[in-house]
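Have a look at the structure first, and then we can go through it together.

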Amino acid sequence: MKSIALFGLTGQGIETAGEILSKIIQNLGYSHRNWRDFSTIIRGGNTSFEIYIADKFETESPPRLEEVELAVVWSDEGVNRYLPRLKDKSMIFAPDNVTGVPTGHQGNPPKLGFNVWALGIVSGYLGIPFQLVLTEVEGKFKKGKNTDLLEVGYQLGLTVGTEEPLVDLSIENATISGNDALCLGAIAGGVRHYYGYPITPASEILENFSKWLPPLGGGAYQVEDEIAAIHAGLGCSYAGKRTFVATSGPGLALMTEGLGYAAATEIPLVLVDNQRGGPSTGMPTKTEQSDLLHLMNAGHGEFARILLTPTSVLDCIVTIQEALNLSEYYQCPVILALDLDLALRKISIPWEKIENMIQSVEIDRGPTLLTSSIEGPYKRYEAVGSNPPLRTVPGVKGGAYVASGDEHDERGLMEPDFKKVRGTLHVRRLHKADSIHYNRPFSIIGNSEAPTTIIGTGAMGELIENFIKDNPGAYQGLLIRQLAPLPKDELREALKNSKRVVVAEYNAKAQIRTILKDGLNNQEVHSLLRFDGEHFTDKEFQEEISKIFNELTSNLAN
């Protein structure tokens, strides 16, 4: 397993160099995982790009690794950041004005050519054939100086070349982010129209759909704000087309009114919240899982909702399809909560694995009448037994109804007998998603007999999986996917052998732990919290888990 780091200024092309490197490694057939750390300002801050490359023929992408084999940095700040993480302290390269770098590992690249020089060093070190890199660079940049800089860097990288150079594995890999995965899953789930407004880290979804939907006969539309986005999405859903809306914290605040309208009119709606650091504008480019309690309760009044949290990039493909099905069956808001690291994380794995996930969910439109006609008077909001009401779409003969946000009767007409409908129709709406037919509320990994369970979701998923893999038999991992309605009975059964539980999450107030409270069995519960916007490396995560148990042992001894 190899790990490489590039560090420079925002606007210096660090991410572009990283994308070229990732593309080449993908084409060689190696599974890998990228990590990006970028400033909230366009110029003046710093950008890091790290890539973790799996061993030959491994089909899983690595987690974020602590140990770095080689780093190419622009400044002293880069040296300070990466020198402590280097496996070999001599494996750092920088311009000749940077201190703390070994003699012979420096050069004189220009500010706006540093990224190409750095790419050359990394490619030479990894043993990637020069022509492969040159072809990609010339396809991205002008020839001449860039070509010269690439070759100078490449020759420098060869001087410390790895003993296991990368070779062509002849494996068809694909590189996708969490946002890419959502889009692929949504398309497989029937989405052909999308309405959105740019906001980090959800903008990638709008950008993807603007390229991917038109060839499929659909389209992506950038509207004036998040209020317009959610209501345009609701109009699309009312018309019988599948869609979803995506945003982040500040945009979520504006979309909250639309959530209530969706609940009152029982129009299916999926809302994706790519969580970032808050409050207010907060930390737009930093990860957090701090919107969860808001998502559990957002909107005035009381109404049913379903809250799901994908646990990995691949899981995003499946969960968005399940969310579309659930929203049309239960006719209530279904919310998907990602976090910035999961949304923007890029992994490269065999295409076959991605394709299998895309094809793993069948479209289920629920009680929706799309074509045939209705005989007799139609009551849109009349439930038959325990089944949801029959939903029609415009054009179905006899199926017209009023979709009003005002309280209404079973036909959708306003100003009903409030005393009657609040005790019947409103109660039905409130409780229709108290329990749901969903077969993946969480995933269990490791030893189900272990006395300790580590719970997390989103970006924590890869860290928990890696920790369990490194400690086989000693722990159980539980990747929670369904937060509302909470699957209490299933959770208690899964935790029946656990004496203690550690809930790992990226927020300051233990929001996931708070939500899970009613699903626990009187276990000792400990929190692992982080809220500085950074994503744990594998070593940091293991150290934090160990610290919890060391403190526990110490307290017992005293």
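Let us begin with Ala246, which counts as buried because its relative accessibility is 3%, and the cut-off for buried is under 20%. Keep in mind throughout that this is a predicted model. Ala246 sits in strand β10, which covers residues 245–247. From Ala246 to Tyr125 the separation is 121 residues in sequence and 40 Å in space, taken from C-alpha to C-alpha.

Another pair can be set beside that one. Met460 and Asp341 are 119 residues apart in sequence, and their C-alpha atoms are 9.4 Å apart in space. Met460 belongs to helix α16 (residues 460–470) and is buried, with a relative accessible area of 0%.

**Salt bridges**

How many salt bridges does the structure hold? The count is 29. Side chains of opposite charge can pair when their charged atoms come close.

| Salt bridge | Distance, N to O |
|---|---|
| Arg81 and Asp37 | 3.4 Å |
| Arg85 and Glu50 | 2.9 Å |
| Glu407 and Arg429 | 3.0 Å |

Take the salt bridge between Arg81 and Asp37 to start with. Arg81 is in helix α2 (residues 76–82) and Asp37 in strand β2 (residues 32–37), so this pair ties together parts that lie 44 residues apart in sequence. Which of the two is buried and which is partly exposed? Arg81 is partly exposed, with a relative accessible area of 33%, whereas Asp37 is buried at 8%.

Next comes the salt bridge of Arg85 with Glu50. This pair links distant parts of the chain, with Arg85 in the loop between α2 and β5 (92–95) and Glu50 in strand β3, 35 residues apart. Both Arg85 and Glu50 are buried.

The side chains of Glu407 and Arg429 also meet in a salt bridge. Here Glu407 is in the loop between β17 (391–392) and α14 (418–423), while Arg429 is in helix α15, and the two are 22 residues apart. Glu407 is buried, and Arg429 is buried too.

Lys432 is found in the loop between α15 (425–431) and β18 (442–446). Is Lys432 buried or exposed? Lys432 counts as buried because its relative accessibility is 17%, and buried means under 20%.

**A patch on the surface**

Finally, turn to the surface, where Asp55, Glu58, Glu163 and Glu164 gather in a patch of negative charge. One of these, Glu58, has its place in the loop between β3 (46–53) and β4 (70–73). With a relative accessible area of 43%, Glu58 is partly exposed.

Notes. Residues are numbered from 1 along each chain as its sequence is written. This is a predicted model: local features need pLDDT of at least 70, side-chain atom pairs count only at pLDDT 80 or more; totals for chains, interfaces and linings use all residues. Side-chain values use heavy atoms; hydrogens and water are left out. Patches are made of residues with over 30% relative accessible area and no salt bridge: like charges are joined within 9 Å, nonpolar side chains (Val, Leu, Ile, Met, Phe, Trp, Tyr) within 5 Å. Accessible areas come from the Shrake-Rupley method with a 1.4 Å probe; for residues, only the protein chains shown count as cover. A salt bridge is a side-chain nitrogen of Lys or Arg within 4 Å of a carboxyl oxygen of Asp or Glu. Lys and Arg count as positive and Asp and Glu as negative; His and the chain ends are not counted. The place of a charge is taken as NZ of Lys, CZ of Arg, CG of Asp or CD of Glu. Helices (H or I, at least four residues) and strands (E, at least two) are DSSP runs, numbered from the N terminus. Buried means under 20% relative accessible area, exposed over 50%, partly exposed in between (1.4 Å probe, protein chains only).
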